Amino acid sequence: MLAPELLGGRYDLRCLLGRGGMAEVREGFDTVSATIVAIKLLYPGYDTHPDYQRRFWGEAHAAAKLRHPNIVTVYGAGEHNGAPFIVMERLPGHSLADLIAAGPVDPRYVRRVLREVLAALSVAHGAGVLHRDVKPANILFSEDGAARVADFGLATGPDTGRTEIGRIMGTMAYMSPERLSGRAATVADDLYAVGVVGYEALTGRRAFPEQNLVDLARAITVTPPPPLSAVRPDIDPLLAAVVDRAMAHDPARRFGSAAAMGAELARCAGDPVTAPLPVVPVARPPERSREGVLLTTFLLGFIAVLALGTLAFVVLTHP
């Protein structure tokens, strides 16, 4: 009986860890180093498409040059029968999304997680890399409970930062109003997403819970959620103010950098928790959301019209 083929002649693929919009993550065994790793693979059909391959290699190159305790480590990348793959460190599998699923998270713990995410983004931004898809499912935890930012699949540098014509990349519920209008991604967009993540973690629900994409676009661009202090009057007002400022509709009102936002969080009352919150192990980690990884030309055009106000009302009420 023939032995199973090893990925890249080295990795033995094992169980599924999660799914995204264009790729899945599998556990793997590195037969050379005898270690457990995580391996990201494009779905069949995507793995031969030039555009998806370009984005996939972009992730590998962007993440590989980032080294920080709060960034998931990428060990390398390769090809197998023409299909690319990325090899990363294997984490326990829990994410901030898993914690939020159980309800509002301890504000002290949220403060700590946000500071660690901002530390990771500060390094990425300093290297000219924008994440563009910060969300709870992309914030994983190491064995000691430290937050690790994952999935730089939509990461880009300033030279390639413009949204591709007719398409917006990312997860819509965490996009800034200006991203939805088709503007180029900036540092302000990543910080806006951190604010949305903080709002969700502290309230136990999404800042923009709308399921319909048109309703979601309208909420993000026209109807912001109530201030965090109105929803959670029991939390530190300074923490609430940081989250609200990060989610400001006008990017000029947000923080100028990840470091500046992290420094403001450091002023919040009380020490951050140092022990990870208990998480009930699951047999298989939940599948990662596939929503909004690719929004079509129709949606972009619709949102542009929506921003015109009166004309948007006509379009919405007279299809």
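The legends below describe several close-up views of one predicted model.

In this predicted model, local features are described where pLDDT is at least 70 and side-chain atom pairs where it is 80 or more, while totals for chains, interfaces and linings use all residues. Residues are numbered from 1 along each chain as its sequence is written, and side-chain values use heavy atoms, with hydrogens and water left out.

Figure 1. The chain holds eleven helices and nine strands, where helices (H or I, at least four residues) and strands (E, at least two) are DSSP runs numbered from the N terminus. Of the 319 residues in the chain, 50% are buried; here buried means under 20% relative accessible area, exposed means over 50%, and partly exposed lies in between, with a 1.4 Å probe and protein chains only. The accessible surface comes to about 14,600 Å², and 59% of this surface belongs to carbon and sulfur atoms, the areas being computed by the Shrake-Rupley method with a 1.4 Å probe, and only the protein chains shown counting as cover for residues. Among contacts between residues at least 6 apart in sequence, 66% join residues at least 24 apart, a contact being heavy atoms within 4.5 Å.

**Figure 2. The nonpolar cores and the surroundings of Met261.** A nonpolar core is a set of buried Ala, Val, Leu, Ile, Met, Phe, Trp, Tyr and Cys residues joined through side-chain atoms within 4.5 Å. The largest such core has 72 residues, and those with the most contacts inside it are Leu96, Val113, Phe152, Val194, Phe208, Met247 and Met261. Apart from this core lies another, of seven residues, among them Tyr11, Val37, Leu41 and Phe85. When residues up to four places away in sequence are not counted, Met261 touches Leu118, Leu191, Val194, Gly195, Val242, Ala246 and Phe255.

Figure 3. Arg254 is placed in the loop between helix 8 and helix 9, and at 3% relative accessibility it counts as buried. Glu178 is buried as well, and the two residues form a salt bridge in which the closest N and O atoms are 2.7 Å apart. Because Glu178 lies in helix 4 (residues 177–180) and Arg254 in the loop between helix 8 (237–246) and helix 9 (258–266), the pair ties together parts that are 76 residues apart in sequence. A salt bridge is a side-chain nitrogen of Lys or Arg within 4 Å of a carboxyl oxygen of Asp or Glu, and a search of the whole structure finds 13 of them. A polar atom of the Arg254 side chain also lies 3.3 Å from the backbone oxygen of Ala188. Leaving aside residues up to four places away in sequence, the residues that Arg254 touches include Ser176, Pro177, Asp189, Tyr192, Arg245 and His249.

**Figure 4. Helix 3 and the residues at its ends.** Helix 3 (residues 107–126) has 20 residues and reaches 28 Å from its first C-alpha to its last, close to the 28 Å expected at 1.5 Å a residue, where the expected span is 1.5 Å times one less than the number of residues. Asp106 caps the N-terminal end of helix 3, with a side-chain oxygen 2.9 Å from the backbone nitrogen of Arg108. The side chains of Arg108 and Asp106 also meet in a salt bridge (2.9 Å, N to O); Arg108 is partly exposed at 44% relative accessibility, and Asp106 is partly exposed at 22%. Just after helix 3, Gly128 takes a positive phi of about 80°.

Figure 5. The side chains of Arg218 and Asp215 meet in a salt bridge of 2.9 Å, N to O. Being three residues apart in helix 6 (residues 213–221), Arg218 and Asp215 are separated by about one helical turn. Arg218 is partly exposed at 27% relative accessibility, and Asp215 is partly exposed with a relative accessible area of 33%.

**Figure 6. Two loop residues with positive phi.** Most residues other than glycine have a negative phi. Ala34, in the loop between strand 2 (23–30) and strand 3 (35–42), has a positive phi near 60°, and at 53% relative accessibility Ala34 counts as exposed. Arg132, in the loop between helix 3 and strand 6 (139–141), has a positive phi near 75°, and Arg132 is buried, with a relative accessible area of 14%.

How values were computed. A polar contact is a pair of N or O atoms within 3.5 Å; within protein, one must be able to donate a hydrogen and the other to accept it, and residues adjacent in sequence count only if both atoms are side-chain atoms.
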